[in-house]
Amino acid sequence: MRPAPTILHLDMDAFFAAAEQAAKPSLRGKPVVVGGVGGRGVVSTASYEARVFGVRSAMPTAQARRLCPNAAYLSPRFTLYRQVSEAVMELLHTLSPLVEPLSLDEAFVDLEAGGVPAEGAAVRAVGEQLRRDIRSATGLTGSVGLAGAKMLAKIASEAAKPDGLVVIEPGTERELLGPMTVRTLPGVGPATAETLRRAGIHTVQETAEAGEAELVRLLGRAHGAGLYGMALGQDDRPVVAERDAKSISVEDTFEVDLTDRTRVRSEVLRLADRCVQRLRAAGRSGRTVVIKVRNYDFSTLTRSETLRGPTDDPAVIREAAVRLLETVDTTGGVRLLGVGVSGLADFTQEDLFAQLATEREAAESAAAAAAAAAERAAGGVERREAEEEPPRRWHPGLDVVHEEYGAGWVQGSGVGRVTVRFETPWSAPGRVRTFAVEDPALRPGEPLPLVGGAPADGQSSEPAILPKLVSPEPGTGSEVGEEVSRR
């Protein structure tokens, strides 16, 4: 354990929803839910205004709509979220070379490695400046926790939400953790918590009092010993700058169960191509191909095949995915499909059989094209095949541009119409107009920057949410521990 709170944990506040509120002035201060908007969608992030109604992450969207029917339900815009995340991570790298991203909106920072003095006042000043810099660069807010260990820094940032900062001074860990539920500790999920509950253990203090031997008896040596140390506030895990991905995968949930075997196969091929794109974007290759199939009854099956060597060849991965699909019965209906690659490496090993298959496929295509040309010549009629464009799908929240009205976003669509609100991140709430879904003047757009434009007259630049908790200044006793305990 460090003698000073030099490990920083940053967690952006309701990140996806807050980014949508910042981008859409008409939604500021109103409940916003980001995630799957279909009947089988799942909530990714809910704004604090939506959480008041009980909406939470990972909740089915249908349930969220029942709890908060008047919220804005938007499809995620990962292009925007990645842009904001990159700006935030760049700020973190100015503090230290040791930055450990956990997701787009969350990261640990080792301030000691960045030369910050190991003093409470110094790290507090760095944390406060970071919050100001994030607000200036992105228009969003983040909560900061500072402690002598990663576990405690994360607990502190959770207590600081939204838009606050909490410092846990070394030496106060056990007093702080004692009254908290065991679910606070990393690695304690529902199953572990239930095992401890049956043994009469409900809080972190009771976990520590149970002793290491009892926890090992209940949970096994590795888990029990690790949990005992964390109950005592001991966490010596370092901040790791590079978190090596173990796998890369993509998956889709379908609004209607897929029962057509040909359609299932085409979806697997499409997912395999998307997986290869992500694999190549990361500069990696993989040796094991995995497919995931969730049936109509929610039963989930996985199948895997290990290749002779790592590859990023789309033909190899497509062929392996199709072979795996042949081993799964999909006649009852499929609600989710996924394709992934594990056993990642930084090099590739060409697969001769895949090359031969690709060449064979190319030769067959060329032969088919020649036969079609001969048929056209024999008939004396030049036939042109018109490619039908798929119907436009205007998802709620999608960026659009209209030739006359400019930039806006989709509020909703249906019955051949699409409703668009025309506003920008730095404008006043805009007007709503309705168009035909095939209106040639309307096209998809790109996300606009959240900061950089001039706010409209009278538009407040104050945050949409206020801090729930701000850490007291040094010397005020154990107020931090008391506040965290009450949470």
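Predicted model: local features only at pLDDT ≥ 70, side-chain atom pairs only at ≥ 80, totals over all residues.
Visitor: What makes up the protein chain in terms of helices and strands?

Guide: The protein chain holds 15 helices and 17 strands. Of its 487 residues, 45% are buried. Among contacts between residues at least 6 apart in sequence, 64% join residues at least 24 apart.

Visitor: Why is Thr6 called buried?

Guide: Buried means a relative accessible area under 20%. Thr6 has a value of 0%, and therefore it is buried. Thr6 is found in the segment before β1.

Visitor: Which residues is Thr6 in contact with, leaving aside its neighbours within four places in sequence?

Guide: With those neighbours left aside, Thr6 is in contact with Val109, Asp110, Leu111, Glu112, Ala118, Val123 and Ala147.

Visitor: What makes the phi of Ala14 worth a remark?

Guide: Phi of Ala14 is near 45 degrees, a positive value, and the residue is other than glycine. Ala14 has its place in the loop between β1 (7-12) and α1.

Visitor: How do you know whether Ala14 is buried or exposed?

Guide: The cut-off for buried is under 20% relative accessible area. Ala14 stands at 7% relative accessibility, so it counts as buried.

Visitor: Which strands form the open sheet, and in what order?

Guide: The open sheet has three strands in the order β3-β2-β4, with mixed pairing. The twist from one strand to the next averages 25 degrees.

Visitor: Why are β3 and β4 called edge strands?

Guide: Strands β3 (43-46) and β4 (72-74) each pair on one side only, and they are the edge strands.

Visitor: How do you know that β2 and β4 pair?

Guide: Two strands pair if there are at least two bridges between them. Strand β2 (residues 32-35) and β4 have three bridges, in the parallel sense. In β4, Ala72 is the bridge partner of Val32.

Visitor: Why are α1 and α4 described as roughly perpendicular?

Guide: Angles of 65 to 115 degrees count as roughly perpendicular. Helix α1 packs against helix α4 (residues 78-93) at an angle of about 100 degrees, with the axes 10 Å apart. The two helices are therefore roughly perpendicular to each other.

Visitor: Which residues meet there?

Guide: From α1 come Phe15, Phe16, Ala19 and Glu20, and from α4 come Phe78, Leu80, Tyr81, Val84 and Ser85. By class, this contact of α1 with α4 has seven nonpolar, one polar and one charged residues.

Visitor: What makes α12 oblique to α13?

Guide: The axes of helix α12 (residues 261-281) and helix α13 (residues 314-325) cross at roughly 140 degrees and come within 9 Å. That angle makes α12 oblique to α13. The crossing of α12 and α13 is right-handed.

Visitor: Which residues make the contact of α12 with α13?

Guide: Helix α12 contributes Arg261, Val264, Arg265, Val268, Leu269, Ala272, Asp273, Val276, Leu279 and Arg280, while α13 contributes Pro314, Ile317, Arg318, Ala321, Val322 and Leu325. These residues divide into 11 nonpolar, no polar and five charged.

Visitor: What is found in the loop between α6 and β8?

Guide: Pro162 is found in this loop, between α6 (150-160) and β8 (165-167). The peptide bond from Lys161 to Pro162 is cis, with omega near -10 degrees. Asp163 is found in the loop between α6 and β8 as well. Although Asp163 is not a glycine, it has a positive phi of about 55 degrees.

Visitor: Why does Asp163 count as buried?

Guide: The limit for buried is under 20%. Asp163 has 11% relative accessibility, so it counts as buried.

Visitor: Why is Pro170 called partly exposed?

Guide: Partly exposed lies between the buried range, under 20%, and the exposed range, over 50%. Pro170 has a relative accessible area of 26% and is therefore partly exposed. Pro170 lies in the loop between β8 and α7 (173-177).

Visitor: How many residues separate Pro170 and Arg2 in sequence, and how far apart are they in space?

Guide: Pro170 and Arg2 are 168 residues apart in sequence and 7.4 Å apart in space, C-alpha to C-alpha. Leaving aside neighbours within four places in sequence, Pro170 is in contact with Arg2, Pro3, Ala4 and Pro5.

Key
Residues numbered from 1 in each chain as written. Heavy atoms only, no water. Helix = DSSP H or I, 4+ residues; strand = E, 2+ residues; numbered from the N terminus. Axes fitted to C-alpha atoms, helices over the stretch in contact; angles between N-to-C directions. Parallel < 35°, antiparallel > 145°, perpendicular 65-115°, else oblique. Left-handed = near helix turned anticlockwise from the far one by under 90°. Contact = heavy atoms within 4.5 Å. Nonpolar A, V, L, I, M, F, W, Y, C, P; charged D, E, K, R; others polar. Buried < 20%, exposed > 50% of the residue type's maximum accessible area, 1.4 Å probe, protein only.
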